[in-house]
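Let's take a walk through this model together. Have a look at the fold first, and then we'll go through a pocket and a sheet.

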Amino acid sequence: MSATLSLDQARRIALAAQGLDKGRPTGPVTSRTVGRTFAQIQLVQIDSVNVVSRSHLLPFYSRLGNYDRTILQRMTAVHPRRMVEYWAHEASYIRPEHYPDLLLWQKRSWVGASRMDPSLRAAIARQILDTLAHSRPLTAAELTARMGHVEEKQTVNWGWNWNAVKRVLEHLFEEGMVSAASRTEQFERRYTLTAKVLPHIPPQGTAAADPAEAMHRLVDAAARAHGIGTVRCFADYFRTPATAAAAAVEHLLQLGRLERVTVRGWNREVFRHVEARLPRRATGRALLSPFDSLVFERRRLEELFGFHYRIEIYTPEHKRRYGYYVLPFLLRDRIVARVDLKADRQGGKLLARSAYAEPGAPADTAVELAAELRLMAGWLGLPSVEVFPVGDLAGSLAQALRGEGPIRSEGTNGPPEGVSPVD
C-alpha cells in the first residue's frame with residue numbers, strides 16, 4: 001500500500017527539497033552556506049537575460065537573501081571548482097560529479113558544427129585544442145583572433161551568425177573536450193581544455209562509464225531536488241530522455257531510494273524520495289526567478305500550487321498578460337502573486353512594472369511583497385523601489401512601501417545610501 005498525502009503535504013515536501021520551506025539565514029551567508037544550497041538544488045540554469053540580475057544568481061538570493069555574489073565567482077572560476085558549466089536543464093551550472101554522467105546523455109546537435117564540412121570541422125577543432133593547450137582561457141573572439149581565422153561576417157545565418165570557430169567550440173564543449181573556465185563581465189565564456197577545469201575527470205573516451213548507472217545517479221539527484229514528483233518531473237530536471245528516466249525510477253524503487261505515493265488531486269503516478277522531509281509548516285518567503293528550479297516543470301507547478309506560469313520574454317509586448325520579466329512570489333506554502341521587475345541601475349531603482357495577486361491571496365500579501373522588494377533592492381544596491389500603477393496589487397503594494405523606512409544595503413554588496421521608496 002502506498003502512502004497517501006494531501007496536496008498541502010506534497011507542497012511542503014517540494015518546498016523543503018528546494019530549500020524554500022523556511023526563512024532565510026539570520027547570520028552571515030558564507031561560501032559554505034552557498035555550497036550547501038547548491039548541493040541541495042543540484043543545478044542552476046544560466047541565461048544571458050540581465051533584467052534584474054543574471055539568472056543563476058537569483059536562486060541563491062531567493063533562498064539565502066543578501067549574499068556576496070563573488071562567492072559564486074569563486075565557485076565557478078577558481079580551482080577546485082564546485083560549479084561547472086554544461087548542458088542540463090538548458091545551459092546550467094552543475095555539480096562536478098554530474099559532469100561525466102551528463103556527457104553520456106546530453107546530445108544537442110543544434111549548435112551548427114554538424115552542418116559544417118567534416119574535414120573543415122576537424123581541422124578547426126585540432127587548431128582550437130592546440131591553441132587552448134598552450135594559452136590562458138580565451139573567449140571565442142579571442143580564440144578566433146589568436147588562430148588568425150578570418151571569415152566574412154554573416155547577417156542571416158543559422159546558429160545566431162556564429163563563425164566557424166564558435167560553432168566548433170560549442171561542438172567541443174558538448175563533447176566534453178573544452179569547458180568554460182569562467183565568464184567575462186559581458187557574460188562571454190572563457191574556454192579552456194576540460195582537463196584544466198576538471199583534472200579528475202578521465203580524458204574523453206577512456207572512461208568505461210555505464211550509461212544506465214549514470215542515469216540512475218542523475219534521476220536520484222533529480223528526485224532528491226524535487227522531494228516528490230513524477231517520472232516526467234525527474235527527467236525534466238536534467239533534461240534526460242523520459243524512457244531511460246522511467247527505467248531508472250524502477251531501479252531506484254527496487255533499491256528503496258524511491259517510494260510510490262498517492263497525492264490527492266493528482267491523477268499521475270507519483271514518487272517520493274526516501275530522504276525527502278515533510279515539515280509541519282512552511283514559513284518561507286521568496287521572489288523566484290523565471291528560471292528557478294522550483295518552476296522548471298510547469299505542469300507540476302500548476303498541480304502543486306494552482307499557479308499557471310508562462311515566461312513572456314518572447315511574447316510580443318501587446319500580447320503579454322503580466323509583463324516582460326515576471327517573478328512569482330512565494331509566501332509560506334503558496335504562490336500568492338507575480339510581479340514584473342526591472343533593475344534600473346542608472347536611476348538607482350528597482351522597478352515593479354506590474355503587480356498581480358493570485359486568487360485567494362492572503363491579506364498580508366502586499367506587505368510581505370513590499371518587504372521582499374526592499375530586500376532585493378538592497379541586495380542589488382538600488383536605493384529605492386518604484387511601483388507602476390499596473391495590476392490589481394499595485395496600489396496596496398505602493399502603500400505598503402510608503403509605510404517603510406529607507407532601504408539600506410545589507411551584507412557585502414555595496415552601501416547605497418538610504419532613500420525613501422517611490423510609488
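How much space lies in the second largest pocket? About 630 Å³. This is a predicted model, where local features need pLDDT of at least 70, side-chain atom pairs count only at pLDDT 80 or more, and totals for chains, interfaces and linings use all residues. Residues are numbered from 1 along each chain as its sequence is written, and side-chain values use heavy atoms, with hydrogens and water left out.

A pocket here is an open set of points on a 1 Å grid over the protein atoms alone, where a 1.4 Å probe fits, with protein on both sides within 12 Å along at least five of seven lines; lining residues have an atom within 4 Å of a point. For this one, 22 residues make up the lining, and Arg54, His56, Leu57, Gln73 and Thr184 lie nearest the centre. Helix H4 (70–77) and strand S5 (178–183) are the elements that give two or more residues to that lining, with H4 providing the largest share, four residues.

Now for the sheet. Three strands form an open sheet in the order S2-S4-S3, with antiparallel pairing (strands are DSSP runs of E, at least two residues; two of them pair if DSSP finds at least two bridges between them). At the edges are S2 (43–45) and S3, each pairing on one side only.

S3 (residues 84–88) and S4 (residues 90–94) share five bridges, and a hairpin joins them through one residue. S2 and S4 pair over three bridges. Ile94 in S4 stands opposite Val84 and also opposite Leu43.

Note on methods:
Points joined across faces, edges and corners; volume = space filled by probe spheres on them.
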